[in-house]
Amino acid sequence: MQLIDTHAHLEDVQNLKEAITRAEEAGVIAIITMGSSYRANLWALRESRRYEREGLRIYPALGVHPWNVNDSDLGEALKFVKENVDEAYAVGEIGLDYWYRGVRKNPEKRELQRRLFVELLELARDHGKPVSIHSRGAWRDCVDLVIKSGIERAVFHWFSGPQDALEDLLRHGYYVSATPAVAYSREHRRVVMNTPLDRLLLETDSPVEYRGVVSEPAHLLRTLSEVAILKGAEKNVIAKKTTENARRLFRI
Ligand SMILES: [Zn+2]
């Protein structure tokens, strides 16, 4: 079985070398590692490749996470993404998060996130790159802004938004990625259930904790098992389709 972890933050994974070995043993052949801050972008572009193995490629994405709009080095992070975007396989992780602390009831902070998001969407569009999108609590705005930007290739990572937003993004040819939360999150399960197999990707968002368990790319097998159960399909069928989808989206 060949699997692709389409969204991880490898710079934050403990004992990465060992984690990569376990991922390779689990059948992971590629990982897209996200850039979310200046530090993460630097690592993704300059360091991540050192952890590649013969059977497991690592592809850097560059971006600025909506949680980081107030970072003191935001300007540097943006500059780095802009100067190096052609070397990235995607622009990500970018997006909006209206549930982030202090943001829900603060229209100015939401506007700040939107401005950054639009700027990065336009960058990706102008350089022909796909985007990996964080959309927690801001599903509708995220889908609308991506459509409006004219971006052709996008994945809404860990999407858990309402059905109408899901239908809109699917209608525009975009993708959704499933995380290990598909085992227990009602909203995420509904999204995965209602996403056709040719638009679905697998991911771990490592090292995010799922019910107290720190994830690593080898846990892609958990995502795979749960998706197979939900879809009522064989694991190898899900693996084959989602890997094809990832190759198509990221052109890898
Ligand atoms: Zn992430």
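**View 1. Pro207 sits in the loop between β8 and β9.** Strands here are DSSP runs of E with at least two residues, helices are runs of H or I with at least four, and both are numbered from the N terminus. The peptide bond that leads from Ser206 into Pro207 is cis, with omega near 0°. Asp205 belongs to the loop between β8 and β9 as well, and Asp205 has a positive phi of about 55° although it is not a glycine. Most residues other than glycine have a negative phi, and most peptide bonds are trans. With a relative accessible area of 6%, Asp205 is buried (buried is under 20% relative accessible area, exposed is over 50% and partly exposed is in between, using a 1.4 Å probe and protein chains only).

A word about what you are looking at: this is a predicted model, in which local features need pLDDT of at least 70 and side-chain atom pairs count only at pLDDT 80 or more, while totals for chains, interfaces and linings use all residues. Residues are numbered from 1 along each chain as its sequence is written, and side-chain values use heavy atoms, leaving out hydrogens and water.

**View 2. Four residues hold the zinc ion.** Meet the protein donors: His7 (NE2), His9 (NE2), Glu93 (OE) and Asp205 (OD), found 2.1 to 2.3 Å from the zinc ion. Donors are N, O and S atoms within 2.8 Å of the metal (3.2 Å for Na, K and Ca), and sites may look incomplete because water is not among the atoms. The angles among the four donor atoms run from 85 to 169°, and the site is irregular. Along the sequence, the donor residues follow the spacing H-x1-H-x83-E-x111-D. Glu93 in strand β4 (residues 90–95) and Asp205 in the loop between β8 (200–202) and β9 (209–210) are 112 residues apart, so this pair links distant parts of the chain. Both Glu93 and Asp205 are buried. Look also at the bond between Gly92 and Glu93: this peptide bond is cis, with omega about 10°.

**View 3. Arg211 lies in the loop between β9 and β10 (213–214).** Arg211 is not a glycine, yet its phi is positive, at about 50°. The relative accessible area of Arg211 is 66%, which makes it exposed.

**View 4. Helix α8 (residues 220–231) packs on helix α9 (residues 235–250).** Their axes are 9 Å apart at an angle of about 110°, which makes α8 roughly perpendicular to α9. Leu224, Ser225, Val227, Ala228 and Lys231 of α8 meet Lys235, Ile238 and Ala239 of α9. Of the residues in this contact, five are nonpolar, one is polar and two are charged.

**View 5. Helix α6 (residues 163–171) has buried residues.** They are Ala165, Leu166, Asp168, Leu169 and Leu170. Their packing partners are α5 (139–149), β6 (154–157), β7 (175–178) and α7 (186–193). Just after α6 comes Gly173, with a positive phi of about 85°.

**View 6. Leu116 is part of helix α4 (residues 107–126).** Its relative accessibility is 7%, so Leu116 counts as buried. Leaving aside neighbours within four places in sequence, Leu116 is in contact (heavy atoms within 4.5 Å) with Val64, Val69, Leu74 and Leu78. Leu116 and Val69 are 47 residues apart along the chain, and 7.5 Å separates their C-alpha atoms.

Conventions:
Tetrahedral: all angles 85-135°; square planar, octahedral: opposite > 155°, others 65-115°. Axes fitted to C-alpha atoms, helices over the stretch in contact; angles between N-to-C directions. Parallel < 35°, antiparallel > 145°, perpendicular 65-115°, else oblique. Nonpolar A, V, L, I, M, F, W, Y, C, P; charged D, E, K, R; others polar.
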